[in-house]
Amino acid sequence: MIQVYAAVLAVMSVLTFILYGIDKRRAVRQEWRVPEATLLLCSFLGGGAGALLGMHVFHHKTRKWKFRILVPLFLLLQCALFVFLVRGAFFS
């Protein structure tokens, strides 16, 4: 269970990081953008680390309050769930 969750977090983080990069590039080129709801959903579904990294690497969505609050919150929740799963595996 722990390995599956860790793999989901890793894959979602990489995909979310790439999505933030794509959206930033499209923003600079004034092209069609990735909806904010999609970026936040990917962050929520396990891509919190990739989203936070993407925000800082690409300097993207760092001024929007939704992203400044929700992305770190999602990452914190994902880390807490991971710790809960690890503790459960070692103490059961």
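**View 1. Helices α1 and α2 pack against each other.** Helix α1 (residues 2-28) meets helix α2 (residues 36-57) at an angle of about 65°, and their axes lie 7 Å apart. Here axes are lines fitted to C-alpha atoms over the stretch in contact, with angles running from 0 to 180 degrees between N-to-C directions; helices are DSSP runs (H or I, at least four residues) numbered from the N terminus. Please keep in mind that this is a predicted model, in which local features need pLDDT of at least 70 and side-chain atom pairs count only at pLDDT 80 or more, while totals for chains, interfaces and linings use all residues. Residues are numbered from 1 along each chain as its sequence is written, and side-chain values use heavy atoms, with hydrogens and water left out.

View 2. A nonpolar core is a set of buried Ala, Val, Leu, Ile, Met, Phe, Trp, Tyr and Cys residues joined through side-chain atoms within 4.5 Å; buried means under 20% relative accessible area, exposed over 50%, and partly exposed in between (1.4 Å probe, protein chains only).

**View 3. F67 and its surroundings.** Setting aside neighbours within four places in sequence, F67 is in contact (heavy atoms within 4.5 Å) with Y20, E36, L39, L40, M55, K61 and P72.

**View 4. R33 and D23 form a salt bridge**. Their side chains meet at 3.0 Å, N to O; a salt bridge is a side-chain nitrogen of Lys or Arg within 4 Å of a carboxyl oxygen of Asp or Glu. R33 sits in the loop between α1 and α2 and D23 in helix α1, so the pair ties together parts ten residues apart in sequence. R33 is partly exposed at 33% relative accessibility, whereas D23 is buried at 0%.

**View 5. A salt-bridge network links E36, K61, K64 and K66**. The side chain of K61 meets that of E36 at 3.1 Å, N to O. Because K61 lies in the loop between α2 and α3 and E36 in helix α2, this pair ties together parts 25 residues apart in sequence. K61 is buried, with a relative accessible area of 12%. E36 also meets K64, at 2.9 Å, N to O, linking helix α2 with the loop between α2 and α3 across 28 residues. K64 counts as partly exposed at 39% relative accessibility. The whole structure holds four salt bridges.

Definitions and conventions:
Helices (H or I, at least four residues) and strands (E, at least two) are DSSP runs, numbered from the N terminus.
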